[in-house]
Amino acid sequence: MEKVYLDSAATTQMRPEVITKITEVMQDNYGNPSSTHSFGRSAKSLIEKARKTIAKQLNVTAAEIIFTSGGTEADNLALNSAVRDLGVRRIITSEIEHHAVLYSVNQLKDCFDIEVEYVNLTAEGEVDLKNLENRLKNSDVKTLVSLMHVNNEVGNKLDLKKVALLCKEYKALFHSDTVQSIGHYEIDLQEIPVDFTAVSAHKFHGPKGVGFAFIRKNSGLKPLIFGGEQERGYRAGTEGLHNIVGLEEAFKLAYANLEEEKAYTTALKSHFIEALKKEIPGVKFNGKSGDLDKSTYTLINVNLPVSEEKALMLLFQLDLKGIACSKGSACQSGSDKGSHVLNAFLSEEDLKTPSIRFSFSKYNTKEEINYVVKTLKEFIES
């Protein structure tokens, strides 16, 4: 049976170079980075080197990069501290954010009685920037805007710079979950005045369990985890040195090969779109995922012309054929409520038919895409 992995938006395959680097560090650099002897100093120097590598690429200072366990922790750090420590009394977000943001915002509303507003969405799931501006200019309450750069389910891209400048104009803080974009796009955080971002290594062929937060200098943000003084005092706990070095290696390789791999993956997505249109009449692409200019090149979200009865078996049948894909975010696995992202903007009619997210990487091939399209066609016509 052929095995095809098209779920890279959930997690990516680690590059062999990253595995080699992690293994080397685990074997040779086992000192505690907080220890003052040579073993500790050696470990600490690797962490600071990784921090500088990331900061240089994003055009920020090393002190603004804080290593975390991943995107979820980075999101929580920014949102919770903004309310608890920075005086934020209102959060503007959208209904299509990752649950790391939505659940955090709900918790903050319950605990701190803050105002929560959800910006309007278009019929294709794009953030209505005019509505966002109206919400910003019609209130003097200290506000934080939290909007993701690339949506993890439908791939819609937010104009990050435009939103950042809008927030700056109206003196609002801006947090963006950039988990699906950093490592896949060039981002200059001096040019884009976002205050906080969240990043996860396993989305760009790095290890799971490590990521980082960008925290704009002099923000006043305070830690969620207390203990030692690691990570400039923002995050207590002995650093996972091997994971941080693995993150650095994956990050370097992602940007060193960005244009080549972006072109290759974009061609795969384009081929998939055209093949689906040709072989499956009635197929639809959710959000802007069928638009190569307005969505990320790493995924598509497909609405298939299948009866409700057959829809229940679709993912199971794809899995039996060796095809890995998803109904939405992997963080919702096991939920029978459907995608909160699609529920936020799809019509009732489109919600009756199944939607599948396929997400790609440098490790996929055109032959795999052809196999998936053939399998979908056979299932629909059976």
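Guide: Start with a charge and a ring. Lys310 lies over the face of Phe379, at 4.7 Å from the ring centre. Keep in mind that this is a predicted model.

Visitor: What makes the charged end of Lys362 count as sitting over the ring of Tyr363?

Guide: Distance is one part of the test: the charge must be within 6 Å of the ring centre. The other part is an angle, within 35 degrees of the ring normal. The charged end of Lys362 is 4.2 Å from the centre of the Tyr363 ring.

Visitor: How many aromatic pairs does a search of the whole structure find?

Guide: Seven. One of them joins Tyr185 and Tyr297.

Visitor: Why is the pair of Tyr185 and Tyr297 called edge-to-face?

Guide: Ring centres must lie within 6.5 Å to pair, and planes over 60 degrees apart count as edge-to-face. Here the centres are 5.5 Å apart and the planes make 65°. Both values pass, so the label is edge-to-face.

Visitor: Where do Tyr185 and Tyr297 lie in the chain?

Guide: Tyr185 is in the loop between β6 (173–177) and β7 (196–200). Tyr297 is in the loop between β9 (284–285) and β10 (299–303). They are 112 residues apart, and the pair links distant parts of the chain.

Visitor: Are Tyr185 and Tyr297 buried or exposed?

Guide: The cut-off for buried is under 20% relative accessible area. Tyr185 has 10%, so Tyr185 is buried. Tyr297 has 7%, so Tyr297 is buried too.

Visitor: What makes the pair of Phe272 and Phe360 edge-to-face?

Guide: The ring centres are 5.9 Å apart and the planes are at 70°, so the pair is edge-to-face. Phe272 is in helix α8 (residues 258–279), and Phe360 is in the loop between β12 (355–359) and α12 (366–381). The two are 88 residues apart. Both are buried. Elsewhere, Phe204, Phe212, Phe251 and Tyr255 make up one aromatic cluster.

Visitor: Now the sheet. In what order do the seven strands run?

Guide: The order is β2-β8-β7-β6-β5-β3-β4, in an open sheet with mixed pairing. Its edge strands are β2 (65–68) and β4 (115–118).

Visitor: Why are β2 and β4 called edge strands?

Guide: Each pairs on one side only. From one strand to the next, the twist averages 20°.

Visitor: How do you know that β3 and β5 pair?

Guide: Pairing needs at least two bridges. Strand β3 (residues 90–93) has three bridges to β5 (residues 143–146), so the two strands pair; they run parallel. Ile91 stands opposite Leu144 in β5, and Ile92 has Val145 as its bridge partner.

Visitor: Which residues point each way from β5?

Guide: Thr143 and Val145 point one way, Leu144 and Ser146 the other, and all are buried. In a regular strand, side chains alternate between the two faces of the sheet.

Visitor: Which sense of pairing joins β5 and β6?

Guide: Parallel, over three bridges. Ser146 stands opposite His175 in β6. The chain crosses from β5 to β6 through helix α6 (residues 160–169), a right-handed β-α-β crossover.

Visitor: Last one. Why is Ala78 called buried?

Guide: Its relative accessibility is 3%, and buried means under 20%, so Ala78 qualifies. Ala78 sits in helix α3 (residues 71–85). Beyond its neighbours within four places in sequence, Ala78 is in contact with His175, Phe196 and Leu221.

Definitions and conventions. Residues are numbered from 1 along each chain as its sequence is written. This is a predicted model: local features need pLDDT of at least 70, side-chain atom pairs count only at pLDDT 80 or more; totals for chains, interfaces and linings use all residues. Side-chain values use heavy atoms; hydrogens and water are left out. Rings of Phe, Tyr and Trp (its six-membered ring) pair if their centres lie within 6.5 Å; planes under 30 degrees apart count as stacked, over 60 as edge-to-face and the rest as tilted. Helices (H or I, at least four residues) and strands (E, at least two) are DSSP runs, numbered from the N terminus. Buried means under 20% relative accessible area, exposed over 50%, partly exposed in between (1.4 Å probe, protein chains only). Axes are lines fitted to C-alpha atoms, for helices over the stretch in contact, and angles run from 0 to 180 degrees between N-to-C directions. A crossover is right-handed if, with the strands pointing away from the viewer, the path from the first strand over the helix to the second runs clockwise. Contact means heavy atoms within 4.5 Å.
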